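Me: I would like to learn how to read a model like this one, feature by feature. Where should we begin?

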Amino acid sequence: MIFLSSKKPSEGLLKHLNGKPITVETQSCTECQSKNIMEDKERGEKVCLNCGFVVSDKLADRGPEWRAFDHEQKEKRKRVGSPLTYTVHDKGLSTNIGWRDKDIYGKKLSSEQKAQFYRMRKWQRRIRVSDATERNLAVALAGISKTGNKLTLPKNVLETASVIYRKAVKERLIRGRLIEGVTAAAIYVACRQCGIPRTLEEVAEASNISKKEVGRNYRLFLKNLDYSIPPIKTSKYITKISSQLDMQGKVEEISHKIFGTAKELKLTSGRGPASVAAATSYIASILTGEKKTQREIAEAADVTEVTIRNRYKELVERLYFVVKI
DNA sequence: AAGACGAAAGTGGTTGA
DNA sequence: TCAACAACTTTCGTCTT
């Protein structure tokens, strides 16, 4: 049994600890009994590194997936075959029609021809208008890809961001605003929609736009495009922190378990998901002996050390930990 | 010397009259 | 619309390893 506090709780205190014990057992290979098991998230398997035996093939894919957030998309994405892509703009070639009423030899056109050219010019003007918005779209979509890559976002988030941007264009929300500012907000909304934990600050920084501006555009989106934005799940933050700090799968697993128990005991309500994730990750790192400093975790989770301390104190007061390795 | 701790004051967002 | 409020941050001095 491992207690987090350096001072062991007294008998009297132990009686008051009404938290449930957490038991974490590391799986061992059913073939060779080796404990050297790795998760292969791409194939959704747990594989024994010793003998190659597939221990379990029911590993949940925590990665992002296709998502539809309005009816139109639901219909569009109910499909067979390769996915549609919204990130690539249709590169149109444009043509100009001369304004002089003369042909290539400089001869005057007949009145009938004049009328024909008039009609052609009229339509050309109309096409050009849509060309301009298409051009805007092309620039914006390229921008989305660029900042998306900076933030190492999965492709589906970029797709979502592109859809959101197109929608914003349709609703005339971009007039008078910086394209980069709007794309940044679109990316942020897409992250939220897809449950990818990225802070407003990270997105703002990657796109070289002030946090204030991105926030403003973000709120504009919420108001005018009526998206319901779900709060990011704590478990997503746990995954993020773990991968950012190169923690072993075991640490992340324990972190998830601690969170699960804490949730049952209602220790997490009203608390920011990022701070809870940071605290559970901190505890898990200590329990497994792969200790990370509060500062490291604070940085990865984008919360302060003080907040981690506050959260983890609350957790430690109510939980005690049993680790079987 | 680095990490952890915690008090106190400040900040931005939500809620409810 | 404004004030109250909780969560969180910033800052900083102190203790611990």
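Reply: Begin with one side of a helix. In this predicted model, Val306 and Lys313 are exposed on the other side of helix 12, opposite the residues we come to next.

Me: Which residues of helix 12 are buried?

Reply: Ile308, Arg311, Tyr312 and Leu315 are buried in helix 12. Viewed down the helix axis, the buried residues sit within an arc of 90°, so they line one face of helix 12.

Me: What is the general idea behind such a face?

Reply: An α-helix has 3.6 residues a turn, so residues three or four places apart point the same way.

Me: What do the buried residues of helix 12 pack against?

Reply: They pack against helix 9 (249-264), helix 10 (273-287) and helix 11.

Me: How can I check the length of helix 12?

Reply: Compare the expected span with the distance between the ends. Helix 12 has 14 residues, which at 1.5 Å a residue should span 20 Å, and its end C-alpha atoms are 20 Å apart, so the two agree.

Me: Which residues surround DNA strand B?

Reply: Gly215, Thr293, Gln294, Arg295, Val306, Arg309 and Lys313 surround DNA strand B. Helix 11 (294-301) and helix 12 (305-318) are the elements that give two or more residues to this surface. Helix 12 gives the most, with three residues.

Me: How many residues of that surface are nonpolar, polar and charged?

Reply: The surface near DNA strand B has one nonpolar residue, three polar and three charged.

Me: Now the backbone. What should I expect of phi?

Reply: Most residues other than glycine have a negative phi, and most peptide bonds are trans.

Me: Where does threonine 152 lie, and what is its phi?

Reply: Threonine 152 is in the loop between helix 3 (111-150) and helix 4 (155-170). Its phi is near 45°, a positive value in a residue other than glycine. Threonine 152 counts as exposed because it has 9 C-beta neighbours inside 10 Å, and the cut-off for exposed is 12 or fewer.

Me: What is the phi of arginine 172, and is this residue buried or exposed?

Reply: Arginine 172 is not a glycine, yet has a positive phi of about 55°. Arginine 172 is found in the loop between helix 4 and helix 5 (179-194). With 9 C-beta neighbours inside 10 Å, arginine 172 counts as exposed.

Me: How many helices and strands does chain A have?

Reply: Chain A has 12 helices and five strands. Of its 325 residues, 29% count as buried.

Key: Residues are numbered from 1 along each chain as its sequence is written. Chains are lettered from A and ligands numbered from 1 in the order in which they are written. This is a predicted model: local features need pLDDT of at least 70, side-chain atom pairs count only at pLDDT 80 or more; totals for chains, interfaces and linings use all residues. Helices (H or I, at least four residues) and strands (E, at least two) are DSSP runs, numbered from the N terminus. A residue is buried if 20 or more other C-beta atoms lie within 10 Å of its own, exposed if 12 or fewer, and partly exposed in between; C-beta atoms are placed from the backbone. A residue is near a molecule or strand if its C-beta atom, placed from the backbone, lies within 6 Å of it. Ala, Val, Leu, Ile, Met, Phe, Trp, Tyr, Cys and Pro count as nonpolar, Asp, Glu, Lys and Arg as charged, and the others, Gly among them, as polar. The expected span of a helix is 1.5 Å times one less than its number of residues. The arc is that of the directions from the helix axis to the C-beta atoms. Two residues are in contact if their C-beta atoms, placed from the backbone, lie within 7 Å.
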